[in-house]
Each structure stands twice: as C-alpha cells, then as structure tokens.
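The following paragraphs consider confidence, then a sheet, and finally the packing of a helix.

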Amino acid sequence: MSKTKRKIIAVVTALANSYAEREILNGIIDENRKNGYLTVVFTIIYNTVQKNNDIMYEHKIYDFLRSEDISAVVLLNESFVEENTKNKVADILSECKVHIVGIGGNIPEFDRLGYTSLNTDDRADVEELTSHLIKKHGFTDIAFLTGPKESEISDIRVEGFVIAMNKHNIKPDMSKVYYGDFWLASGRELADRYISGELPYPQAVICANDVMAYGMLERFAESGVRIPEQLTVVSYEYSDMGVYYTPRLTSFKRDRLALGRAAAEHIHCLLSGKEPPRFTAPHGKLMTGRTCTCNDPVDNSSAELKNALKFKTNNDLSLFSPMEQKLTFCHDMKEFIAVLEEFNWLVRDKSNIFLSLFSDWYDTSSPHSEIIQSRSILPLTESREFEIGRYDLHTYFEKVPDAEVCYLSPVFSGQNLFGYIALLYDHTDTYEEVYRSWLKSVSIGLEFLRLKNDIKYLISCQNISEYKDSLTGMYNLNGMKNIYRSLKRQNDKKTYLILLELNLFPHQLDTEEINRKAEAYLGVAEILSGFCGSNDYSGRVSEDIFCCLVQRSSDPALLSDCLESMLMQERHYMEYAGADTFVSAVVPCDEGSFETLLKSGEQSLAMKHISLTEKRRRKNYTNYIKVRDYIYTCPEETFRNDDDILSAYNTDHFRRQYKACFGISFHQDCITARLARAKYYLVSSSLSIGEIAELCGYMDEKYFQRQFSKITGRTALQYRSSIYG
C-alpha cells in the first residue's frame, strides 16, 4: 500500500509537549509507524483550568475529527482539565463512527463515549511506592496528599497507599490523607501547615503527583526545613521538572511509553478485525532521588540539565525574536508569509510546516468556507500553495511523503477561527514549548492583518446613505426592501427575486486584491444594471450577494442562465475570481416579506455552493480551471484546432479529466462559452444576429443560428424576446 493511502490514526489531546504527553505520543507514533499507520494529533494552545470565553474558539480545532480520513481515535483523557473543553470533545467524538481508545484515568465527561480506556495501574504503583518507604526506610508514620475529592484518580492512589499500609500491618491514619488539586498550591499549603505547627511532622509525605511535591519542596526550602533529614518527601508520576528543584525528588515513574504502544496496538487489532489482546497495565519503576535517604539515587540530572538548557536557549531565541512585531507590521498576505519564512527556524527539527487558512478567513460575518488554502512556509519547497477540502488530512502526507506524524493546532483570535497550522515530522517526535509561543504570534499577526484590511475595505465601501451602497451606487438591503414593499405588480407578468452570490472561494487578502475586488464588483454592478434595464431593480444586499427584482413572463431557469452568461463576459470579475466562483438562484415573489424571499434564495445558493465545493476537490481541478477560464474569456479562440489550445497537455488524457472535473466535454464547453457570449450581446445590445455571430467567432451566421437553436431550444431572436417578455 502506498504511503499516501495509509490509514490515519488521530490522537486527541489538550497538550502535546509536556513530559507525560510526549512519552505517550512517542509510544503511539512509533507503534503506528510499525503497523503501517500515519498519526495526526489534534491539540489546542492554552488548555486553561477554568473557562475563558476569550479563547474558547480554539476548541474548534476538534471539529476536524469529523474528517473521513480518520480511521480511529486515541483520546488522552488526563490532558483535559477545563469542563467545557471536555464536553466539546465528547460531543464531537460521540458523532464519530470510528474506534476510540482512551489513555489515562476515568473522566466523567467522557463516560458516554462507551470506549475502552487503558491506564497504568496507579493503585499497584502507589502501593509499591508506599511499601518502599516502609520496607527500605522503616517508616510507619506516613501522610498522603492526593488530588481533588470525588476524583477517581485521587481515590485510586489513596487506595494504593491504604493497601500497602494494611499489607505491612500498619493501620492507616485516614486523618493524614489530605486532598489538594494536583497543582503547586496544594503542596505549598500542606507544607505551611507543617511549618506553622498546625500539623505535627510525619516521617514521610507521599504526594500523588510531582507538581504538588515540588510545591512542598519549594516552601520547605524557603523556611529552612531540611529534606530528607527532617522529613522525607516522595511522589508519584515523575516528570522532567525535577532539575529545577532541590533536593532531587524521589518519584515513581509511570511507564507511559508502554501505555502509548498498548493503545496503538489495541487500535491495530480493532482495525484488523482481530480481538485485542488482554490488557496488562505496564508496571512503572521507582526513580530514587535525594528527598529520601536511599544511597543509590537514579542520576538523570545530566540528560535533564541538557534538555533544560536546550529549552532555555530556544525560549530565549523566541523571546528576543522580532517575529511577532514584524507580523503586526504586515500589510498583506505576501508580506506575512515572508515573515513566517524568515522565522520558520524557531520551529525545530520539522519536515515541513503549513499555514492552512479558510479561504474566507478574514470575513468574520460569514460561516467558514469548505475550502482550505494551504501553503508551506519553508522556502524553496515544492507544491508550496494548494487548496484542499476542509477536513482533508491525507494531502499533507502526500506533500511530505516521509512524514509519520502531523500536529494540527488552531490559529484564532477571540471568536474568530482563521484556520490551523499543520506541523509534520518524519520521525517520532513532538514540538517544544517555543512552538506554542510561535502559534500565538501567528494568531496575533493574522488578527492585525485582518483588522487593517477590514478597516480599509469598510472605509472604501461604507454606505453613504441609508438605502444606497457607496461602492456600486446600487440599492443596499434596506433600499431593496423598500422597492419590494412599494412595487406595483403587473398582472401579465410574474415577479422574481434573482440572487447572485460571488467570490465563493476568496483569494488571500492583500491590498492589491482589495482593489481588484472593488473593480470586479463595479463591473458586476454594470452587468446587473444592463440585465434589469430601466423597468427592473438591482442591488447589493450583502458583501458578496447581489440581487435583481424583475417582472418578466420568462422561465426562471432561463433568467438564471442568462444572468450567469452575462457575468461570464465581465472581464474584471473573470480576471479576479474566474469561472465556477458564483451561483445564482431565482425565487418567485408569490407572497411573503422580502426577508423571507431572501432567506429562501440564500438556502438555494448554499446548496449550489456545496456542489461547487465538491467539484473543486476533484483531481486536477486547479490546473483545468485555468483552461476553462480562458475559453470563457476568449471563446472566439476556440474555433482554432482544439489541439492548439491543448498543446501543453496529453490531449486524450486531458479531455477525459476535463469532463470528469466539469461534467461536460471540452469541445461542448467551448460551444457553451461561445453561446454565453452570444446571450450577453443578445440581451445587452441591439446588434444584429449576424454581427453577434461574428463577434463570437462564427464566420457563418446560419451555422451560428443552427447551433444556438440546438443548444438553447430557441432561435437567437426568440431568446432575446423571451428574456424581456
């Protein structure tokens, strides 16, 4: 099986670069690689303890779990802290029809998923840690600091402590079991109670995780309490933060690497149709330090000091880097990408990194596009810019064939999700803390860029009156509502609201594009004015939706086709956006308010937009749409031999692929393009049929007439009269 067709296993976490998550991920990624799978990791930036509305939109990154490219999911339970985040993830995963395996202790919010969860045996590990203090050091007076009350993780670790005490015929004093929150403050608070004399010192304190133990060591050091001479302090979990505290902490290390491998192997069995092996919790080991009196401490200080120095060096480089400031100075996307290229070195050891934004990322008033515009920010790389579907994941691995893992993290500001960053590695690895700061800078820079250009566009397009649009001079939404209310209906004709939605797949935002867009929309306004003439009304009811209110006896489909054919002849719009970037809808005005008609029309536009989006995902679409734009811009040129136009292509292959992309043969589309121009002249001018035929490239007026009648079912004169009939 080719690498691009390998199945993708998603890992869902709130944190990907802490010591615990790094070890688990290394096990998952390496085991997936051995089993022939690719790994995609979805993770957020902040992972707050309490709800913060200013950053809640980063959780939209988990919407990508809806991707059909995902074959199974591994959920890192314990990485999630904040309740709303857990519920958001649970809601999405409950909709996914894939295998889910969890890693870590039970989280109530995830119970409804009904998934298998694997974990180390915290009870047995804590029992062994407690037994070490009893057998090795002879302690009988031992206190235990665990996590929050009514937490399964807290209770299981207390159970391990109690089992060990009873096993050695020591009655556990439950008044010396204290509850905290797994954070530094809990350790500090308990230490203060000992230091103040409120509590008598026991012989030893076991902390249910390293962080609380670090809080104790910190407070004891400040108060001159000697560890371990006056008190032994040990902990469970083990992290790489011990190098920052003294004396070095004795801690029981969970085997997270084996846990990650076990989860990946469980997934592999499920995907292979096999019964997963009976799970045996991986057993950890005691990492003795100097907070107990063991004579044989495990010395990892050299490696940890090396990592700490590396972290500090990279953090300093990021701190003193002018990247964030430079990003806020950018005026357009071209400058923005150039800055990211300049500072891509801050993200270490990557295979590639892609900025992937919704095509309408800067338009906060519209729902997100289904099209993602991605570009590599590594200079001199191939396939630097490409379009993909919203939930397309495989394409990243196609662009970086040696990659084994891809990390997807959000780029957002407040309630605006702009897209995400895709970071790929060709080896088992995860990113450093510096990368999280780098992501924040990218998000801040994009918000600055959006605001600058949004203000500029608002200034150029603001309404100069309550009823008129200043850019085009057309009626705005309020103006069209007034026209509709005061419209005098003609008994012999029907009234239609025709909607035209433009720019469905926007360009990246920059100064030049804003000017080109304004020029294109002015051209569209002129087209609509010509279509409506002096008896009907046209307007611009939102940034990208134009409308006509007409009274005709024509067929609605004919009106829609005519308007789209006319738009194809608007040079500025075609150069700006091209073909297949607009849709139209015709709504009969039988009854109801203008708002009701508009809503109905917008629903029809939305369905057509979805259809166009699906078309854009077809193979070779990006290349072939350039040819289609050309034949609609210069239809008279297609009277030459087709092979002249297609000289750069394998002609037979091109014709097959062209039809697959657009649902029409290349030859037939050339005829459609010629007739679209003919329709434009028929409706917008008083030219004779012979003159129109010649302008469209036909040398024989009779041949033109026959072809027009065959395709449209009307003669050219009948078509002209039917539009305004």
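In this predicted model, the mean pLDDT of the protein chain is 88, and 91% of the residues score at least 70. Among the elements of the chain, strand β8 (residues 204-207) has the highest mean pLDDT, 98, whereas helix α19 (residues 642-645) has the lowest, 58. Where pLDDT is low, the predicted coordinates should not be read in detail.

Attention may now turn to the sheet. Four strands make up an open sheet with antiparallel pairing, in the order β18-β19-β17-β20. Its edges are β18 (537-540) and β20 (583-588), each of which pairs on one side only. On average, neighbouring strands of this sheet are turned by 20 degrees against each other, direction ignored. Strands β17 (residues 494-501) and β19 (residues 545-552) run antiparallel and are joined by 8 bridges; Thr 495, for example, has Gln 551 in β19 as its bridge partner. Helix α15 (residues 556-567) packs on the sheet, where it touches β17, β19 and β20. The direction of α15 makes about 35 degrees with that of β17.

Helix α15 also packs with helix α24 (residues 716-723), at an angle of about 105 degrees and with the two axes 10 Å apart. Angles of 65 to 115 degrees count as roughly perpendicular, and α15 and α24 are therefore roughly perpendicular to each other. From α15, the contact involves Leu 558, Leu 559, Asp 561 and Cys 562; from α24, Tyr 719, Ser 722 and Ile 723 take part. Classified by residue type, this contact of α15 with α24 comprises 5 nonpolar, 1 polar and 1 charged residues.

Key:
Residues numbered from 1 in each chain as written. Predicted model: local features only at pLDDT ≥ 70, side-chain atom pairs only at ≥ 80, totals over all residues. Heavy atoms only, no water. Pairing = 2+ DSSP bridges. Helix = DSSP H or I, 4+ residues; strand = E, 2+ residues; numbered from the N terminus. Axes fitted to C-alpha atoms, helices over the stretch in contact; angles between N-to-C directions. Contact = heavy atoms within 4.5 Å. pLDDT = per-residue confidence, 0-100. Parallel < 35°, antiparallel > 145°, perpendicular 65-115°, else oblique. Nonpolar A, V, L, I, M, F, W, Y, C, P; charged D, E, K, R; others polar.
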